[in-house]
Amino acid sequence: MNVVCVGGGYVGSVTGVSFAALGNKTTVIDINKEKVDLINCGKSPIYEPGLEFLIQQTIGKSLYATTEYHCIAEADVIFIGVETPTAPDGSADLKCVKNAAMSIGENINKNKFTVIINKSTIPTGTGEVVSSIVAEVSGLIPEKDFSVVSNPEFLREGSAIWDVFFPDRIVVGANNQIAKEIMRKLYKPVVTRENYHKLSEQYSNLNWEAPEKIPVFFETDVKTAELIKYASNGFLAVKISYINEMAKLCEKLGTNVLDVAKGMGLDSRIGSRFLEVSSGWQGSCFPKDTSELYLLSEKYESELSIVKAAIDANFAMHRYVVEKIIRFLGCLNGKIIGILGLTFKPNTDDARKTQAEFIIPHLLSLGANIQAFDPQGMEMFKKFNPDLDIKYCDKAEDVAQRADCILLLTHWQEFKNLNWHEMVNSLRFPYILDTRNFLNKQYLEEIGFYYQGLGT
Ligand SMILES: NC(=O)c1ccc[n+]([C@@H]2O[C@H](COP(=O)([O-])OP(=O)(O)OC[C@H]3O[C@@H](n4cnc5c(N)ncnc54)[C@H](O)[C@@H]3O)[C@@H](O)[C@H]2O)c1
């Protein structure tokens, strides 16, 4: 098929390269020339394991990148994967989606049926908005000349390529029979894994060990598919907030949240995933999606109070981390806190709306000095938080220099193997708060750290 992805960021670049690797002629359009140039040079526009390798394998063969919209005319399917950030009122800002729809309308082929696929996370009813814009700009008739479908994305940054090739489910919301058939054809290789043995040889260094479970191709109507994405992210946020509040209770009761989570997760109705304690959920999706979902529920006078409670519990968790440090160190004025991890999770450079963005200003407001390190996220964190007074370190060990506390916010695997001996000697006070319960407590205590986790 001829595939176009509008947007070449975390979702668009991964979607584009994956469909190119599956043998479709795929063009990524992005208004950001820098990203387009990177892709065309065989470089990844983001840090995502495996992405650069796949770009190098496909660029110029089945993958193309451009800032121009002319290629839309050739497309059988057009993904929209542009950003949908939070507007000042807390709802999803659809400016980029609407601009993309206008450009699609200006360039769409008037002589063939085209499917426009909303992959961006968009509020229920946005499919109709996109359809009307394309119809108005192009003069074409929706459902006769083109159709807008919803195909929400569930990939996780850090394992995004894997998630596109081996998803749990593919949700397609379509109200049009021809569009449904085109979507089935597009996803057939993923659902049936046809040719995957060839791909796994071709891309052998991706180490594909396919899970046994075949993805479910779930068809529904457009509005329902749009809501499934928000309902899923809202639920996951609730699950994390639940275990985080449980961690606080465990500290009061003298019980261990790791065992509580394990005991809960062994129940197949509950499952163990997303029962990992942290300083709270953040990132480029959960905050904006829970905000939009809650506002939507209020708008329709059907309040999702549980989502609101999860949001409140989440901010309380960020504050709890700071309170815990204060309980241990006392007044923070003039104290030095070394932060490990600025991204919302490991294996990504995505530092948009991370835990650190909330916790660091709180620490600074109490007079603390901050020195921080992240393996991939420092540039982006600086870009989004230019006014925060932070000393960025060249290597992880340097956050310990004369510090009174090390605060681990992101569980990058490499943090396990730091030179902890050197660090304990550089500290003014050997206190470490590991908000992911990730490091080797016994070892750290043996070498002289006072170690605290959360809920343990
Ligand atoms: N990042 C994730 O893990 C993830 C997962 C699932 C769903 N989503 C959703 O996918 C959407 C995209 O998220 P993202 O993280 O990839 O965003 P992103 O900011 O990384 O990428 C969006 C890209 O779209 C480009 N763009 C904006 N307007 C454009 C236009 N008119 N024409 C062409 N390009 C345009 C931007 O330059 C940018 O490169 C959002 O709705 C998000 O909620 C993201």
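**Reading strands, domains and backbone angles**

Tutor: Strand S12 (residues 405-408) runs parallel to strand S13 (residues 431-434), and the two pair over three bridges. Keep in mind as we go that this is a predicted model.

Student: Which residue stands opposite Leu407 in S13?

Tutor: Leu433 takes that place in S13. To go from S12 to S13, the chain passes through helix H15 (residues 420-426), and this β-α-β crossover is right-handed.

Student: How do I read the word "right-handed" here?

Tutor: Look with the strands pointing away from you, and the path from the first strand over the helix to the second runs clockwise.

Student: In what sense do S13 and strand S14 (residues 450-452) pair?

Tutor: They pair in the parallel sense, over three bridges. Within S14, Tyr451 is the bridge partner of Ile432. The chain crosses from S13 to S14 through helix H16 (residues 441-446), and this β-α-β crossover is right-handed.

Student: What should I know about side chains in a strand?

Tutor: In a regular strand, side chains alternate between the two faces of the sheet.

Student: Now for the chain as a whole. Which domains does the domain assignment give?

Tutor: The assignment gives domain 1 (2-220) and domain 2 (233-456). Taken over C-alpha atoms, the centres of domain 1 and domain 2 are separated by 32 Å.

Student: How many residues of domain 1 are in contact with domain 2?

Tutor: 15 residues of domain 1 are in contact with 14 residues of domain 2. On the side of domain 1 that touches domain 2, there are seven nonpolar, six polar and two charged residues.

Student: Let's turn to backbone angles. What is the phi of Phe274 near?

Tutor: The phi of Phe274 is near 65 degrees, which is a positive value in a residue other than glycine. You will find Phe274 in the loop between helix H10 (257-265) and helix H11 (286-299).

Student: Why does Phe274 count as partly exposed?

Tutor: The idea is to count neighbours: 20 or more other C-beta atoms within 10 Å make a residue buried, 12 or fewer make it exposed, and partly exposed lies in between. Phe274 has 17 C-beta neighbours inside 10 Å, so it counts as partly exposed.

Student: Where is Arg402 placed?

Tutor: Arg402 is in the loop between strand S11 (390-392) and S12. The phi of Arg402 is near 60 degrees, again a positive value in a residue other than glycine.

Student: And is Arg402 buried or exposed?

Tutor: Arg402 is exposed, because 12 other C-beta atoms lie within 10 Å.

Definitions and conventions
Residues are numbered from 1 along each chain as its sequence is written. This is a predicted model: local features need pLDDT of at least 70, side-chain atom pairs count only at pLDDT 80 or more; totals for chains, interfaces and linings use all residues. Two strands pair if DSSP finds at least two bridges between them. Helices (H or I, at least four residues) and strands (E, at least two) are DSSP runs, numbered from the N terminus. Domain bounds come from an automatic or database domain assignment. Two residues are in contact if their C-beta atoms, placed from the backbone, lie within 7 Å. Ala, Val, Leu, Ile, Met, Phe, Trp, Tyr, Cys and Pro count as nonpolar, Asp, Glu, Lys and Arg as charged, and the others, Gly among them, as polar.
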